[in-house]
Amino acid sequence: MQLAIPQQLRNFIDGQFSNPIEGKYIDNVNPATGKVYGQIPNSTAKDIECAVEAAKKAFPAWSVSTNEYRFTILNRIAELIDENLEALALAESNDNGKPLWLSKSVDIPRASSNFRFFATGIMHFAAESHSMEDKAINYTLRQPIGIVGCISPWNLPLYLFTWKIVPALAAGNCVIAKPSEVTPVSAYLLSEICKEAGLPNGVLNIVHGDGPNCGEAIVKHPMIKAISFTGSTRAGERIAAIAAPMFKKLSLELGGKNPNIIFADCDWDKMMKTTIRSSFSNQGQICLCGSRILIESSVYEKFKKEFVERVKKLSVGDPLNESLRQGAVVSKVHFDKVMHCIETAKQEGGTILCGGHAVHPEGRCAEGYFIEPTVIEGLGPSCKTNQEEIFGPVVTLQSFNTTEEALSLANATAYGLACTIWTQDISKANIVAGKMESGIVWVNCWLHRDLRTPFGGVKNSGVGREGGWDALRFFTEAKNVCIEF
Ligand code: NAD
């Protein structure tokens, strides 16, 4: 198949491509050039209503289809993603500003892995039984919920979109999904792939639009019984306020302010190489990036010198130039936010060790949204810069003397998504891991992902876990059946 991106994207409802009913559109901007290069529907409650009607029609057959049937279709979609890797990666890079080499090597391969993983997962998914001594047995039925809503952010567009919709589909639900309005194109292309793969009409409905008009219409719809959301803590709070009184199932994957704890006894070279990645991959726009680097005081100066030298060498520019490391941040709004955070850090008394400025590449990217990788020191744990999520190429350095001090600095925010610990002392790593207030702990590594593991945060980083059986359990209702004999 040949994937083509129309100037005006269309919704994918009931297996058909349709324009938004109220005829409203949003400009789609390539952040590397700053130029509008298409339009996307700004759908409303009316489009969501059509999507729900389609899903209602599709649910009876899809929900009782065999696991093998769903496996075959989802696996076919994975194959088609792989076959169209180049086109999808280019679309993702143009939409998001991320380097093309990154979307080719990480984002798109991970989208097909998500399909394969949950396609095979549903073939092995099982529920418990509990036999009782007084002649009875209980068994648990794990049944699809019905129609579910999946809402995803812009930072890893197809990667996170598929991470949500595939377990929902595999478990037998029909889905109303909304990608971020900032990066809609790969989800649009996925709708073409789903049609080609023979996914029955109405099983997956991809509706484009912004948060207040389209996203909230999904959250508010009474027929949509569960919401899986990844995005900011602010939007998560709003979604919870709407969905909780309606008793919807909720999975919220929210913001972070992840600490990266570096002890003097770590494997220095591996730590240094990985810390560059964990700080600045995807321009620091990965929820798991470590934005607060905590360094044992005996090696603070050594770390600072070497880290800053390496960060200065990170090349920033055209995402399509595969020799450059860093691309554009996702939008003008986000560019302004990150630049404002850098100003705040200065006002708070922080010292900019490197970076801190916008980058203006020559040629086609002259008007794009590029920011130098930025390292800041001299700020305490309670300042805004160390408390609020920046979600850009900006990290701070702080030093600590004892393990207790490291822990207290690491846990000193309202967030609790992920942390990284660097030490060769495994018992110290275990103690620190146990006391970290976070859902994910990396020891001597970062972003080493096994899709079977529980993924999610604590505190203001979210509620619930995705991944592996957790995702399939979220997208099913447990029903206990007790038989006496
Ligand atoms: P965002 O909250 O602005 O938007 C995320 C999605 O929610 C978009 O599709 C948006 O249109 C929609 N949305 C916004 N307001 C809504 C509302 N009131 N009702 C329904 N839908 C609404 O987030 P973003 O700026 O796209 O993404 C960046 C954020 O996502 C960061 O905070 C980052 O930490 C977080 N994130 C978290 C994880 C994780 O796994 N915990 C992963 C990636 C990104």
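A polar contact is a pair of N or O atoms within 3.5 Å; within protein, one atom must be able to donate a hydrogen and the other to accept it, and residues adjacent in sequence count only if both atoms are side-chain atoms.

Two notes on the model. This is a predicted model, where local features need pLDDT of at least 70 and side-chain atom pairs count only at pLDDT 80 or more, while totals for chains, interfaces and linings use all residues. Residues are numbered from 1 along each chain as its sequence is written, and side-chain values use heavy atoms, with hydrogens and water left out.

Now the ligand. A nitrogen atom of the ligand is 2.7 Å from a polar backbone atom of Leu254. Two side chains come in as well. A polar side-chain atom of Ser232 lies 2.6 Å from an oxygen atom of the ligand. For Trp154, a polar side-chain atom is 2.7 Å from an oxygen atom of the ligand.

How much of the ligand's accessible area does the protein cover? It covers 92% of the 850 Å² that the ligand has on its own. Those areas come from the Shrake-Rupley method with a 1.4 Å probe; for residues, only the protein chains shown count as cover.

Who stands around the ligand? The shell holds 31 residues, and the closest are Trp154, Lys178, Glu181, Ser232 and Glu389. By type, the shell divides into 13 nonpolar, 10 polar and 8 charged residues. Here Ala, Val, Leu, Ile, Met, Phe, Trp, Tyr, Cys and Pro count as nonpolar, Asp, Glu, Lys and Arg as charged, and the others, Gly among them, as polar.

Which elements give two or more residues to that shell? They are helix 7 (211-220), strand 10 (224-230) and helix 8 (233-243). Helix 8 gives the most, with 4 residues. Helices (H or I, at least four residues) and strands (E, at least two) are DSSP runs, numbered from the N terminus.

Asp14 has a positive phi of about 60 degrees, although it is not a glycine. Asp14 sits in the loop between strand 1 (11-13) and strand 2 (16-18). Leu447 is not a glycine either, and has a positive phi of about 55 degrees. Its loop runs between strand 20 (440-443) and strand 21 (462-463).

Are they buried or exposed? Buried means under 20% relative accessible area, exposed over 50%, and partly exposed in between (1.4 Å probe, protein chains only). Asp14 is at 23%, so it counts as partly exposed. Leu447, at 25%, is partly exposed.

Next, Thr44. It is in the loop between strand 4 (35-41) and helix 1 (45-64). Thr44 counts as buried because its relative accessibility is 8%. Its side chain makes a polar contact with the side chain of Glu22, at 3.4 Å.

Then Phe115, in helix 4 (residues 100-124). Phe115 is buried, at 0% relative accessibility. Phe115 and Phe71 are 44 residues apart in sequence, and 9.0 Å apart in space, C-alpha to C-alpha.

Last, Met246. Its place is the loop between helix 8 and strand 11 (249-253). Met246 is partly exposed, at 34%.

Note on methods. Near = heavy atom within 4 Å.
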